[in-house]
Structure formats: C-alpha cells, structure tokens
Amino acid sequence: MGVERGSGKALKQMLKRCSSLGKKSNVDVNFNGVPKGHFVVYVGHSRSRHVIPISFLTHPIFQMLLQQSEEEFGYFQDSGLTIPCDEHFFQSLISSINP
C-alpha cells in the first residue's frame, strides 16, 4: 500500500508550499504559534490540532495519511489540513516516525 503515482505531482506541490513556510521571515515562531519548519494538521472528528515537523512530509507513513486526506477532503481544505483517522492511532503513527 503506497502513494499512487497520479498524486505525485500534487504531493510535490504540497511539499514545496510547506517547505517554504519558514523561509519567509526570520521569526522562529509565526503568529499562530507554529515553530519554523513545522506545520499544523487537524486529526479526527474532534479536529485536534497537532504541530508536525515538515520533515514528516517525505515519510511513507505520513504520505499515506496525506493520500487518505486528499481522497476524503481534496487538496484544497478551507479549514486546514485534516487527517481522517482516530487520534490515538495518529499519535502512535507519529511516535513511530519521531526519531
């Protein structure tokens, strides 16, 4: 189970947008309290907010989560990037990715 080839271009565009987030200012934290080099995702039905390192975008597990998000919500989400999975499951996945 992996990321489909057809979605590669869209994933690259998302990576490009996210990787430039921290480069536009010399401030270590932006106005939303997100540290440089990180982005926010919302998880589950409760939409709990999680600050994730940009480096996770290249991890295969996180790419599968992004694909699920795209399939359920599309790439253009007005209310922030939402990951459609159980929060406890998400926490365990993130823990396995974290070094």
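This is a predicted model: local features need pLDDT of at least 70, side-chain atom pairs count only at pLDDT 80 or more; totals for chains, interfaces and linings use all residues.
Which side chain does Thr82 join in a polar contact of 2.5 Å? The partner is the side chain of Arg47.

**Strand β3**

Thr82 lies in strand β3, which covers residues 82–83. Ile83 has its place in strand β3 too. Are these residues buried or exposed? Thr82 has 6% relative accessibility, so it counts as buried. Ile83 stands at 0% and therefore also counts as buried. The cut-off for buried is under 20% relative accessible area.

| Residue | Relative accessibility | State |
|---|---|---|
| Thr82 | 6% | buried |
| Ile83 | 0% | buried |

**Around Ile83**

What does Ile83 touch beyond its neighbours within four places in sequence? Its contacts there are Val41, Tyr42, Val43, Gly44, Leu65, Leu66, Ser69 and Phe90.

**The nonpolar core**

How many residues does the largest nonpolar core have? The count is 17. Ile83 is among the residues with the most contacts inside this core, together with Phe39, Val41, Ile52, Phe62 and Phe90. Elements giving two or more residues to the core are β1 (38–43), α2 (60–73) and α3 (87–97). The largest share, 4 residues, comes from α3. In soluble globular proteins, nonpolar side chains tend to be buried together.

Terms used:
Residues are numbered from 1 along each chain as its sequence is written. Side-chain values use heavy atoms; hydrogens and water are left out. A nonpolar core is a set of buried Ala, Val, Leu, Ile, Met, Phe, Trp, Tyr and Cys residues joined through side-chain atoms within 4.5 Å. Buried means under 20% relative accessible area, exposed over 50%, partly exposed in between (1.4 Å probe, protein chains only). A polar contact is a pair of N or O atoms within 3.5 Å; within protein, one must be able to donate a hydrogen and the other to accept it, and residues adjacent in sequence count only if both atoms are side-chain atoms. Contact means heavy atoms within 4.5 Å.
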